[in-house]
Amino acid sequence: MSLSSSPREAVGPHYALDALREAQSLSWRALEHMAARIRPGMRESEAREIGHVVLAEMGMELAWHPVLVRFGENTLKIFSDRSEGDAVLGENDIYFIDMGPVFLGHEGDVGATFAVGGDPEMEACARDVKVLFDRVQAIWNKGEVSGTALYARAEQEARAMGWVLNLDIRGHRVSDYPHSVHKGGNLGDFDAVPGGGLWILEMQIRHPTRPFGAFYEDLLA
C-alpha cells in the first residue's frame with residue numbers, strides 16, 4: 001500500500017491514519033506522565049527508567065527506538081550521540097524527552113523540552129522550540145512546500161527568533177511498524193511535498209552562546 005507516488009512515502013499493509021494518530025496521542029500522554037515525575041537531583045538514567053515504567057503501564061507493545069533523556073549541556077546532542085556521563089538535573093536547568101513507542105501496531109514519536117527553576121533563557125528556549133515547530137507546521141499546512149524547503153524556512157525562522165537550528169536533525173518517516181523497511185530517509189532531504197500522517201517534523205535549537213538547547217517533534221498530519 002502507498003499513499004503517494006513516491007516510494008519514500010510507502011507504508012505497510014496494516015497502516016491506518018487513525019491508528020497512527022492514536023499511537024501519537026498515547027505517546028504524548030506517556031511523555032507528559034514521565035515529565036511530571038522528573039525532578040532536580042535526578043540522573044538521566046533514573047529518568048529513562050521512569051519512562052520505561054510509564055510506557056509499560058500504558059501497554060506499549062514495543063519500542064521502535066529507546067527512550068532518550070537529555071539534561072543540561074547534553075541537550076545540544078543529537079539522537080545518535082552519547083550523553084556526557086550520567087548527567088544530574090540541576091535546580092535551574094533544561095531537559096528534553098524523546099520517545100518512540102509502538103501502540104496499535106503503529107509508531108509514535110514525540111519529543112518535548114522542559115525547564116526547571118527560573119532561568120529565563122532556558123525557559124524561553126523550551127518555549128520557543130515549540131513556537132518554531134508550530135510556525136514550520138503552519139507553512140506545511142498551507143501546502144506545496146517540499147521537505148527541503150521546510151527546513152530552509154525553519155532555519156530562517158529560528159535565526160529570526162535568536163536561536164541556532166541544528167540541521168543534523170531533519171525529521172523522518174513513521175508508519176505501521178516497522179517504517180524502516182521503506183527507506184524513507186530524512187524529511188529535510190525530501191524534495192517533494194510531504195504527505196500527512198507519514199512524517200515526523202523535528203526541531204532542535206541551541207542558544208547562540210550558552211551550552212544548552214531544546215528539542216520538539218510531532219507528526220505532520
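Let's start with Leu104, which is partly exposed, with a relative accessible area of 48%. Here buried means under 20% relative accessible area, exposed over 50%, and partly exposed in between, using a 1.4 Å probe and protein chains only. Leu104 is not a glycine, yet it has a positive phi of about 55 degrees. You can find Leu104 in the loop between strand 2 and strand 3 (106-107). Helices (H or I, at least four residues) and strands (E, at least two) are DSSP runs, numbered from the N terminus.

Glu144 also has a positive phi, of about 60 degrees, although it is not a glycine. Glu144 lies in the loop between helix 3 (120-141) and helix 4 (147-161), and at 73% relative accessibility it counts as exposed. Most residues other than glycine have a negative phi, and most peptide bonds are trans.

## About the model

This is a predicted model, in which local features need pLDDT of at least 70 and side-chain atom pairs count only at pLDDT 80 or more, while totals for chains, interfaces and linings use all residues. Residues are numbered from 1 along each chain as its sequence is written, and side-chain values use heavy atoms, with hydrogens and water left out.

## A cis peptide bond

Now look at the peptide bond from Tyr177 to Pro178: it is cis, with omega near -5 degrees. Pro178 sits in the loop between strand 6 (172-173) and strand 7.

## The cavity

On a 1 Å grid over the protein atoms alone, a cavity is a set of points where a 1.4 Å probe fits but cannot get out, and a pocket is an open set with protein on both sides within 12 Å along at least five of seven lines; lining residues have an atom within 4 Å of a point. Grid points are joined across faces, edges and corners, and a volume is the space filled by probe spheres set on the points.

The structure holds 1 cavity of 30 Å³ or more, and the largest cavity has a volume of about 50 Å³. Its lining includes Leu68, Phe79 and Asp98. Strand 2 (93-103) and strand 7 (199-206) each supply at least two residues of that lining.

The largest pocket holds about 210 Å³ of space. Of its 15 lining residues, the closest to the centre are Phe79, Asp98, Ile169, His172 and Glu202.

The second largest pocket holds about 150 Å³. Strand 1 (62-71) and helix 2 (44-57) each give at least two lining residues, and the largest share, 3 residues, comes from strand 1.
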